[in-house]
Amino acid sequence: MASVGWYDILIIGGGSAGLAASIFAARSAKGRYSVAIAEKQPRVGRKLLATGNGTCNISNSAAVMKRYHGNHPEFPQIVLEGFSSEDTCAFFESIGVECTVRADGRIYPLCVQSGAVLDCMRLEAQSLGVQELCELNVTALHKEKNGFRLATGGGKLFSRVVLICTGGAASPSLGGSAEAYSLLSASGHTRTPLFPSIVQVRTDTQYIKSVKGIRVDARISFMRNRERLASEKGEILFTEYGLSGPAVMQISRHVSDWERRKQGKMTAVLNLLPDMNKENLMASLRRRTIMQGRTMGDLLTGLLQKRLGQTVLRAAGFHDFNLPVTALKDNDLVRIAAGIVGWEIEVTGSQGFGSAQVTAGGIDTDDFNPMTLESKLVPGLFAAGEVLDVDGDCGGFNLQWAWASAYAASKAMIALLDTEK
Ligand SMILES: Cc1cc2nc3c(=O)[nH]c(=O)nc-3n(C[C@H](O)[C@H](O)[C@H](O)COP(=O)(O)OP(=O)(O)OC[C@H]3O[C@@H](n4cnc5c(N)ncnc54)[C@H](O)[C@@H]3O)c2cc1C
């Protein structure tokens with residue numbers, strides 16, 4: 001809908017950060033300032049609805065700095081310290097969403113429903129008088145003497161201060177787009193290279209295809225040439241194209257980063273029995289070789305899922321499954337054990353922004369005040385959420401950044417308007 005309007009605070013982007021910011025700002029304004037959200041899609045919060053597969057992993061009780069990344073990894077510290085995961089729970093409880101902290105630190109709404117989180121946020125925003133301007137794509141932003149003039153698909157808006165919460169390029173079907181960065185880059189802000197994070201990984205599929213659909217609790221490491229870049233233990237899912245599952249997605253940003261640089265060879269190394277030590281594994285393999293009547297096809301049955309065991313044997317060079325296990329020599333067992341704890345699979349890339357949950361890279365945080373999230377280049381212009389070059393690990397860290405940055409920017413916008421009174 002085309003629209004013309006004048007506001008004290010205009011938030012561009014009605015996603016997680018934008019919605020939260022509208023509530024924080026309207027609460028602090030106590031009716032003194034008008035607050036509006038411009039959202040290009042027909043509805044606000046579409047990506048929020050998809051979070052946690054519809055369950056919304058709202059935060060994490062261990063939202064510490066090492067879980068965040070960017071060109072300036074220290075940048076989010078002040079903002080995250082100013083709004084902790086406890087503050088997130090208190091905020092959501094204040095709008096009717098009870099939270100629960102799981103043993104692994106992940107925080108969810110008790111009702112495990114992202115739709116309920118969005119409903120409660122919208123109800124609160126409405127009750128505070130926040131105006132939702134949907135189907136309003138902001139295409140340009142011009143600084144004027146007393147504020148900003150914004151060009152949209154249909155009409156013009158004016159606002160005294162502006163908060164950019166346009167998100168990242170991940171998941172275009174949910175509103176992700178690289179275009180919105182230009183709202184900031186047009187006024188001189190730098191954008192760091194973008195690459196997908198929390199994303200599935202494509203590999204050589206020669207052996208992977210035959211274990212499609214199998215899930216294992218294993219350890220995965222990504223190696224560039226022989227250098228170990230990252231390692232994670234947890235669930236891994238074998239797919240048609242390569243590897244998925246929480247453990248893979250958690251460290252996938254290393255693959256996308258390598259993919260854009262195109263330097264060296266990337267390998268995934270799988271340890272399929274991370275909780276078994278070498279001696280116990282060798283002892284188990286030796287026991288198997290004295291089991292009468294068994295052939296290679298069943299050597300690993302009972303140790304690994306049968307189809308997976310056979311695939312590991314093939315990848316280690318054992319193709320004759322009719323061979324009696326009694327024919328195996330100790331050096332064969334050493335090779336097989338090495339295949340089980342160090343199965344090397346060539347990585348070819350990531351599944352891209354279309355499947356990614358988060359964008360790594362974004363607007364360079366060097367251009368923003370780390371306390372207020374106000375631009376150092378354009379006074380009165382603020383940014384929060386994924387549009388900035390801050391990305392978190394999988395586990396509620398990205399939403400925590402969205403809430404915390406929305407809080408910091410809202411507080412600072414109100415303080416700025418108060419000084420201008
Ligand atoms: C499938 C999926 C699952 C996820 N699960 C989790 C999870 O469980 N926990 C977690 O912490 N994180 C999760 N994330 C990541 C998390 O959703 C994002 O990091 C977070 O939503 C970012 O908030 P944001 O407000 O910055 O951006 P968004 O929520 O993406 O909102 C940006 C909004 O801006 C709008 N917009 C863009 N450009 C314009 C413009 N020019 N004019 C007007 N409007 C515009 C977009 O339409 C969009 O609505 C998930 C992401 C995906 C895709």
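The legends below describe close-up views of a predicted model. Residue numbers count from 1 along each chain as its sequence is written. Because the model is predicted, local features are given only where pLDDT is at least 70 and side-chain atom pairs only at pLDDT 80 or more, while totals for chains, interfaces and linings use all residues.

**View 1. The shell around the ligand.** The ligand is surrounded by 40 residues, a residue being counted as near a molecule if its C-beta atom, placed from the backbone, lies within 6 Å of it. The closest of these residues are Gly 13, Gly 15, Gly 167, Gly 175 and Gly 385. At least two residues of the shell come from each of α1 (16-29), β2 (35-39), α2 (46-50) and α12 (397-420); here helices are DSSP runs of H or I with at least four residues, strands are runs of E with at least two, and both are numbered from the N terminus. By class, the shell holds 16 nonpolar, 19 polar and 5 charged residues, where Ala, Val, Leu, Ile, Met, Phe, Trp, Tyr, Cys and Pro count as nonpolar, Asp, Glu, Lys and Arg as charged, and the others, Gly among them, as polar.

**View 2. Packing of α1 against α12.** Helices α1 and α12 pack at an angle of about 35°, with their axes 8 Å apart; axes are lines fitted to C-alpha atoms, for helices over the stretch in contact, and angles run from 0 to 180 degrees between N-to-C directions. The crossing of α1 with α12 is right-handed, which is the term used if the near helix is turned clockwise from the far one by less than a right angle, with left-handed used if it is turned anticlockwise. On the α1 side, the contact includes Ala 17, Ala 21, Phe 24 and Ala 25, and on the α12 side it includes Leu 399, Trp 403, Tyr 407 and Ile 414, with residues taken to be in contact if their C-beta atoms, placed from the backbone, lie within 7 Å. This contact of α1 with α12 is made up of 14 nonpolar, 4 polar and 1 charged residues.

**View 3. Packing of α1 against α5.** Helix α1 also meets helix α5 (residues 114-127), their axes coming within 9 Å and crossing at roughly 35°, in a left-handed sense. Leu 19, Ser 22, Ile 23 and Ala 26 of α1 face Met 121, Glu 124 and Ala 125 of α5 across this contact, which contains 5 nonpolar, 1 polar and 1 charged residues.

**View 4. The crossing of α9 and α11.** The axes of helix α9 (residues 278-289) and helix α11 (residues 330-341) come within 10 Å and cross at roughly 125°. The two helices are therefore oblique to each other, since angles under 35 degrees count as roughly parallel, over 145 as roughly antiparallel, 65 to 115 as roughly perpendicular and the rest as oblique. Their crossing is right-handed, and the residues in contact are Leu 281, Met 282, Leu 285 and Arg 286 from α9 with Leu 333, Ile 336, Ala 337, Ile 340 and Val 341 from α11. Of these residues, 8 are nonpolar, none is polar and 1 is charged.

View 5. Six strands form a closed barrel in the order β12-β15-β14-β13-β16-β17, with antiparallel pairing, two strands being paired if DSSP finds at least two bridges between them. Neighbouring strands are turned by 45° against each other on average, direction ignored. Strands β12 (residues 201-203) and β17 (residues 343-350) pair over 3 bridges, with Val 201 bridged to Ser 350 and Thr 203 to Val 347. Strand β17 is also joined to β16 by 4 bridges, and here Ala 268 stands opposite Ile 345. Helix α8 (residues 253-261) lies across β12, β13 (215-224), β14 (227-238), β16 (266-271) and β17, and runs at about 60° to β17.

View 6. Strands β13 and β14 pair over 10 bridges, among them the one between Arg 224 and Glu 227. Their hairpin has 2 residues between the strands, and Asn 225 in the turn has a positive phi of about 50°. A hairpin of 3 residues then joins β14 to β15, where Phe 238 stands opposite Leu 243.

**View 7. The open sheet.** Three strands form an open antiparallel sheet in the order β3-β6-β5. Strands β3 (59-60) and β5 (99-101) stand at the edges, each with a single partner strand, so one side of each has no neighbour in the sheet. Strand β3 pairs with β6 (residues 106-109) over 2 bridges, and Asn 60 stands opposite Arg 106.

Note on methods:
Contact = placed C-beta atoms within 7 Å.
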